[in-house]
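Notebook open, model loaded. I'll jot things down as I look them up.

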Amino acid sequence: METYEGIRYRLLGPVELYHGGSAVDLSSTKIRLMLTALALAPNTVVSFAALGEVLWESGPPASARSNVRTYATALRRALDHGSRNRLVSKGGGYLLATAPEELDVHVFGRLAEIGRRALSDGEAASARTHLRQALGLWRGHPGEGLPPRRALSGHLDALAEQRLLAEEDLMEAELAVGRHAEQVGVARRLVSDHPLRERCWAALMIALYRSGDVAAALEAFTEARKRLVEGLGLEPGPRLQQLHAAMLNRDSALLAQPTATAPVSAGSRCQLPHQAPLVDRGEEVRSVVTSACDATTGPQVVVVHGPSGAGKSAVALLAAHQAAWHFPDGQLYVDLASAGLSAETAARWRESLAGKRSLVVIDHCTTAAQLRPLLVSEPGCAFVVTADSPLAAVDATARVAVERLSPAAAVAMLSRLVGRARLVSERHARDLVARCDHLPLAIRAVAAVLIQSPGLRIEDLAPRLHDRDLLDELAVDDLDPRARLLGRYRELTASDPTAATAFRHLGGGMPVADLPPHLARRLVEYGLLEDGRIGLFAKLVAAELTEQDTEANVVNVS
């Protein structure tokens with residue numbers, strides 16, 4: 001099956017279409033309905049009649065066939081940008097040609113089946129890893145946001161049932177590796193949503209019992225019995241009955257752990273933080289994925305670099321999620337901004353990765369000296385490293401630059417964050433993202449300001465984003481550009497006070513060209529200077545520091 005580069009169909013939540021990590025506009029309900037019907041039957045002809053039932057709940061109009069062709073043309077344009085090899089008119093209907101890995105429904109099913117098989121084989125750690133990856137693909141109810149259609153409901157309900165089965169399997173795997181207390185809340189949510197699922201009640205009882213709350217475990221059985229009798233007119237089945245009796249008898253077997261459920265090793269975890277889809281980063285994400293997955297001849301070290309706030313971490317994490325299937329021994333995440341690793345810890349880290357096929361995201365790396373102790377020499381592992389500089393002293397197998405967004409992409413990102421309705425003026429929207437220097441971090445901060453103030457218009461916000469006021473306005477939670485740059489400045493001050501002084505001089509009007517080359521390199525290394533220029537936010541921070549120096553001198557003189 002041909003793989004169509006960069007395309008993804010997402011039905012496990014709101015219906016979405018992606019090209020290379022960037023969302024394709026599917027604002028038309030009819031287009032989303034048609035895509036859903038075709039994607040639920042990939043590589044199969046869906047007849048005009050079947051499409052008509054999906055598109056028109058009360059029956060197709062006389063012009064249905066013509067309308068379907070119109071929707072197909074629009075969908076083909078969204079899919080192929082002019083190419084006609086994905087949506088094919090054939091045999092009285094249409095066929096959507098897809099590769100398995102392009103459809104989240106298929107990827108979910110494959111991962112869930114691998115996890116279920118591992119669970120039945122007593123390999124709880126492996127089951128847990130694959131089931132968590134499978135459930136991580138879900139973003140809401142299947143087909144969320146679509147109008148109800150009888151022709152689709154059976155398919156979508158079946159997907160929801162598969163999700164529930166995977167959640168039950170994951171609970172069982174988590175309990176098998178000893179994560180009892182963590183599963184109490186999960187099980188309570190599931191029995192609340194599905195009060196007639198005996199397997200969920202059994203998991204809740206086991207989680208409570210092994211957490212030491214025997215009374216609550218027995219109360220859970222009483223509540224389960226009440227729900228089953230009221231809802232179905234049936235007593236609990238043999239599994240719950242036997243579990244209840246074992247708890248009453250304090251059966252020691254309830255506390256015994258199966259031999260295959262030892263704690264998960266560092267090499268079998270999926271630690272990657274969630275990362276939402278990005279705007280206009282498809283090429284960068286593809287480059288990282290391609291480079292990371294070529295880990296056959298040696299470990300791959302992919303450096304993702306660019307200006308502070310450009311979204312390097314987001315690109316690295318999205319690429320890592322897409323490449324996760326290639327690294328069955330785990331996907332790990334280390335944030336060097338918050339985790340200092342001793343030599344002993346680094347040695348244990350390398351030992352845990354030896355002989356494994358693991359993917360490691362190392363975030364916020366500043367120098368090669370930070371990175372080298374974390375790398376292994378054997379093939380199989382891949383390291384995706386984010387840094388403000390290209391880390392020229394590192395023997396990287398690939399370097400991927402993440403630059404500022406284009407004006408159009410920056411506006412699209414803001415629109416996606418706050419909703420199209422807030423961007424009533426394209427001119428004001430472009431002005432707003434320009435004041436953010438087209439950097440995703442600042443755009444997210446502006447979006448947070450707009451979300452916090454529903455009545456604030458973008459044309460009223462833009463004039464407030466000037467000079468020093470700009471840094472104050474964007475000081476939102478962990479999206480604060482000033483805080484990010486000041487953190488880098490403090491690190492630089494601790495390691496190279498002379499370079500830190502040079503940075504302050506830039507805030508006083510000193511041209512970048514006047515910097516000695518070795519100091520310019522240090523500022524680039526710490527993300528305070530770009531290649532031959534100083535960014536908008538770095539310049540404002542430098543100016544603030546210079547002003548503080550001046551005020552301190554005045555106080556000392558007086």
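This is a predicted model: local features need pLDDT of at least 70, side-chain atom pairs count only at pLDDT 80 or more; totals for chains, interfaces and linings use all residues.

Is Asn 43 buried, partly exposed or exposed? I looked up its relative accessible area and got 33%, so Asn 43 goes down as partly exposed.

**Entry: positive phi**

I found Asn 43 in the loop between α1 (29–39) and β4 (45–47).

Leu 391 came up too, with phi near 50°, again positive and again not a glycine. I placed Leu 391 in the loop between β10 (382–387) and β11 (398–401). Its relative accessible area is 4%, which is under the 20% cut-off, so I noted Leu 391 as buried.

**Entry: a sheet of three strands**

Next I traced an open sheet of three strands, ordered β1-β2-β3, with antiparallel pairing.

How many bridges join β2 to β3? I found two, between β2 (residues 16–19) and its antiparallel partner β3. One residue I followed across was His 19, whose bridge partner in β3 is Ser 22.

**Entry: aromatic pairs**

I searched the whole structure for aromatic pairs and got four. Among them is Phe 48 with Tyr 94, an edge-to-face pair with 5.6 Å centre to centre and 65° between the planes. Phe 48 sits in helix α2 (residues 48–55) and Tyr 94 in strand β6 (residues 93–96), so this pair ties together parts 46 residues apart in sequence. I checked burial for both: Phe 48 is buried, and Tyr 94 is buried as well.

Another pair I wrote down is Trp 56 with Tyr 71. Their ring centres are 6.3 Å apart and their planes stand at 40°, so I logged the pair as tilted. Trp 56 belongs to the loop between α2 and α3, while Tyr 71 is in helix α3, so I have another link between distant parts of the chain, 15 residues apart. Trp 56 has 13% relative accessibility, so it counts as buried.

**Entry: a charge over a ring**

Which residue lies over the face of Phe 48? I found Arg 65 there, at 4.2 Å from the ring centre.

Notes. Residues are numbered from 1 along each chain as its sequence is written. Side-chain values use heavy atoms; hydrogens and water are left out. Two strands pair if DSSP finds at least two bridges between them. Helices (H or I, at least four residues) and strands (E, at least two) are DSSP runs, numbered from the N terminus. Rings of Phe, Tyr and Trp (its six-membered ring) pair if their centres lie within 6.5 Å; planes under 30 degrees apart count as stacked, over 60 as edge-to-face and the rest as tilted. Buried means under 20% relative accessible area, exposed over 50%, partly exposed in between (1.4 Å probe, protein chains only). A charge sits over a ring if NZ of Lys or CZ of Arg is within 6 Å of the ring centre and within 35 degrees of the ring normal.
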